[in-house]
Amino acid sequence: MTTPSNLKYTKSDEWFDPATGAVGITDYAQGQLSDIVFIEILVDEGEEVTVGKAIASVESVKASSEIYAPAAGKVSAVNKALTEKPETLNSDPYGEAWMIKIEGGAAGEVMDAAGYEKYCEGRAH
Amino acid sequence: MANIIEPTIFELSSPGRRGVKMPASDVPVTALPPKDLLRSELPLPELAEVDVVRHYMKLSKFNYSVDDGFYPLGSCTMKYNPKINEDTCRLPGFLFTHPLQPIETVQGNLALMFEMQEWLKEISGFAGVTLQPAAGAHGEFTGVLMMAAYHKLRGDTKRTKMLIPDAAHGTNPASVGMLGMQVVTIPSDDRGNVDLEKLKAACDDTVVGMMLTNPNTLGMFDENIEKVVNMVKDCGGLMYGDGANLNALLGIVRPGDLGFDVMHFNLHKTFSVPHGGGGPGSGPVGVSQRLVDFLPSPLIGIVEEGDADTAPLYGFVSPKNTIGRMKAFHGHFGGGLVRSYTYIAMHGPDGLKDISQYAVLNANYLQARLRDTYHIPYDRICMHEFVMEGRFEGSDIRALDISKRLMDYNFHPPTNYFPLIVSEALMIEPTETENKDTLDRFADALIKIAEEAKTQPELLHNAPSTTQFGRMDEVKAARELVLCCWLPENYEQMT
Amino acid sequence: MTYIPISPAERDAMLKTVGVKSLDDLFDAIPKKHRFPELNLPAALTEMEAAAHLSEMASSNENVREHLISFLGAGAYHHYVPSVVDHMLRRGEFYTAYTPYQPEISQGTLQAIFEYQSLMTNLTGMEVSNASHYDGATATAEAVNLAYAQYRGKRKKIVMSPTVNPQYREVIRTYSQGMGLEEAGDDPTQTEVTPEAMIAHIDESTMLVVVQYPDFFGRIFDYTKLINAAHEKGALVCVVANPTALLMLKTPGDMGADIVVGEAQPFGIPLWYGGPYLGFFTTKKSYVHKMAGRLIGETVDSRGNRSYVLTLTAREQHIKRERATSNICTNQGLLALGCSVYMSVLGKQGLQEVANLCYQKAHYAAAELSKIDGFGLCHTEPFFHEFVLCCSKPASEVNQYLLDNGILGGYDLGKDYPDMQNHLLVCVTEMNSKDEIDTLVEILKEM
């Protein structure tokens, strides 16, 4: 499991890049979901989002999950290419598989990389 | 290229080959509609009758079925389907009656449906029954619509929350989602009952009601059922019973007597409508007095009373505040109601009680035989099914591996990974139509598999090995999405 | 104890293993005052008695094979079902199997449904078919669910023609009670309505347009213009189609339809007093993730064999729960198999013969009936095997007279359309001989 140190993390397994406003799901989350076959982004460019709003819906071969906004603000970009290649959520969750960018907003309750790693360890059964 | 064990019906086609022919027309010829209204080609297979028969015979042999052997799929009630039902539902008087015929010409059908409504009311303790819903989920949607309509008519518009235990079937929240209500999940306690403290905290004047499967999907009858029902009712909510597990309750207890307001029946589980490889089912719904006016329309009623010499005239009636129509026509009459009617008629009150008593005995017997080998997280007297964990300390064997290995012993696996509150769940429902020898062979196989998990885990990882097909690549199916085929000559233009 | 294979001695041994004394002791968790109710039901019948009882009930009906000549359709159709169909449906391997959740031992069901999906896409000219819905009405309601999910509730208007089957329109209303939909177009006084008239109702808030093909009055329209107009406003179009008519007519897929649904009962399923039937649902590949219902996809197994599995299951209720498009979990598996066998054993040419016989006989009947004084064809548009007959008397009177003469007349349109009290929807299929049609004409002449 990788956890880049420049990102912030939520308990519902989203990552948030304070520098760019980009949002995605973590390596841990993609591993739990396994093979992802579908993503629908539920917000449009220019839309205002609040912390905790559902911004995307992801389906894998055996699971389904909603992705929530880790920060409030205006959606400045939507990664439309991702919906054509949902498998990149598995192969490159922190890179090519960003979902949206949120501009100028304040993050909700987030953890740093070390905190998130600890949190994930605690969930292993 | 993949090996092809049986070509598709399209691949078997040969241009010009004929199957069943239709007679020549006996009327003067009329010109066809203008060409721009006609289709240019009809790309469908061309085969002889023998080709068709051999194809489907071959396919049938790829299936495992109740007629082949033990099928202990939890919450699905895969009991033996009596053969007589197959004959009664195909009587010409049933097969060849049109749903829009005048009621005077179909009194046999209507009498059967009226009696079926009465019987289901008696079995469940409800005041009204609709036979219209086509399946369990459809019945559930019907029930939730009635609950919403009840509150709406009373002007009680702030009720938007449905309480659903964590062990519930996915259809419960999905039905609620179709109406835009919010789901509030209620956890189970350590005996597999609804957690009363958590329930109490959730009960307020925004509650539509609660959807409870009882016995629940752990196979447990809720020991506090009366308290649960009272709590929901005290806050003004309605009580929905998911009838998926009714096979445990025939002649044992009536959900209506326990205070439930709505329940759907699964005729394809409890009352021996065969599952048909995934349907058709049949999902009548029973309701308490306060919901009878909301039932779907039409119901079957007596439109002219009879007397000593004449039978009553049966027909259609519409409840006062009906939620409307759930499907075209009157429900799954032929393939559903006639089969179940036959089944209930052949059991009578004592026979129905036998069904549930032996279903519960068989489940408890298997549970007792497996208790020392598999961990049973909620271990008490179960009802018609129980849930155990398909995993072992210090082993990477999972419920899926055990399930696949059972196929090598010629058993259908139990339901796996459900309910979600048990990790590596294996949910076992033997039903009443299995004998002791079968149950013993099944228990022996599971005990042997537990041993294999320790000594030869690769047998489980690679299972099944004796079946005609091995494990499927589900990722390939979902990523490549090949969802249909075409005639060989059309492949190029279609792909 | 009818089907319980356990002897008293075995029962006692099992009770001992469980650790209880009697069967009744297994039910201590149940509140005592409600335990073991006396059920007031008739005493059990033996198989022989049940067979006789059910025979008696069935024969108290007048059926369209032995007693009545039928010209009734309106959503359920009397067609010939080749013998092979029921022989295959009676295979226990098919009808006593469950949903194919374990693909290694369910390839029969899986391949059969994959073939059913293929037959339906080829018939409708669409890209994807699911494994079926309860019936034509609920399949149409699922089209509304798809459109609602596709626009995530941001569009809420549905434009529906009054010439969609009245029961289907009712079911859509029941299903959509929680959506807060706005409705337009469905005015049952507009009995001459054309596709062009529907276009006026379509705007930027429209999520779905629903039309029927041929429409409920039997009329055939090319919906291409309507569909283009809907697409310009960003709305989806659902065409409710009769499968027998599709054997002859231009496909809705060719017209550009987004969703094609309908009742496949005419393909090998008996009238059975209204059910169970078979709702087919086809769409474009781009909407597959919003489509409800089961779906079979091709794959390979671990030994390299081509095989089939349930796919995209994460769309469905058991995983997606309250976020699923629909709560549906069953399909009409066995009847989808019956439909496939029907289509296969008639084959392309046999099916074309069925369609042609329906068309020819219906047109002969229409021509002869319209020659009778006081009767006439209501519409001038092309039709397939159903048409509206205008009568000089109320349709209910005409039907009663016909019934007294052993004929099941047409559907009384006055039940659903207030201005059509004197209108009968007449259906003619390959089951109606020229003699039967001539008899109908003679009786109406006498009336």
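Chain C is divided into domain 1 (69–81 + 347–446) and domain 2 (84–341). These bounds come from an automatic or database domain assignment. The model is predicted: local features need pLDDT of at least 70, side-chain atom pairs count only at pLDDT 80 or more, and totals for chains, interfaces and linings use all residues. Residues are numbered from 1 along each chain as its sequence is written, while chains are lettered from A and ligands numbered from 1 in the order in which they are written.

Start with the two domains of chain C. Their centres, taken over C-alpha atoms, are 27 Å apart. Domain 1 of chain C puts 27 residues into the contact, and domain 2 of chain C puts in 25 residues. Residues are in contact here if their C-beta atoms, placed from the backbone, lie within 7 Å. On the domain 1 side, helix 13 (333–369) and strand 12 (386–391) of chain C are the elements that give two or more residues. Helix 13 gives the most, with six residues. Helices (H or I, at least four residues) and strands (E, at least two) are DSSP runs, numbered from the N terminus. By class, this side of domain 1 has 17 nonpolar, six polar and four charged residues. Ala, Val, Leu, Ile, Met, Phe, Trp, Tyr, Cys and Pro count as nonpolar; Asp, Glu, Lys and Arg count as charged; the others, Gly among them, count as polar.

Helix 13 of chain C also meets chain B. Helix 1 (residues 49–60) of chain B packs on helix 13 of chain C at an angle of about 150°, with the axes 8 Å apart. Axes are lines fitted to C-alpha atoms, for helices over the stretch in contact, and angles run from 0 to 180 degrees between N-to-C directions. The two helices are therefore roughly antiparallel, a term for angles over 145 degrees. Helix 1 of chain B supplies B:Glu49, B:Val52 and B:Tyr56, and helix 13 of chain C supplies C:Val341, C:Ser344 and C:Val345. Four of these contact residues are nonpolar, one is polar and one is charged.

Chain C touches chain A as well. Eight residues of chain C contact ten residues of chain A. The chain C side has three nonpolar, one polar and four charged residues.

Finally, look at a sheet in chain B. Three strands form this open, antiparallel sheet in the order 10-12-11. Strand 10 (386–389) and strand 11 (415–416) are its edges, each pairing on one side only. Strands pair if DSSP finds at least two bridges between them. Strand 11 and strand 12 (residues 425–428) of chain B pair over two bridges. B:Thr415 has B:Met427 of strand 12 as its bridge partner.

Definitions and conventions:
Two residues are in contact if their C-beta atoms, placed from the backbone, lie within 7 Å. Angles under 35 degrees count as roughly parallel, over 145 as roughly antiparallel, 65 to 115 as roughly perpendicular and the rest as oblique.
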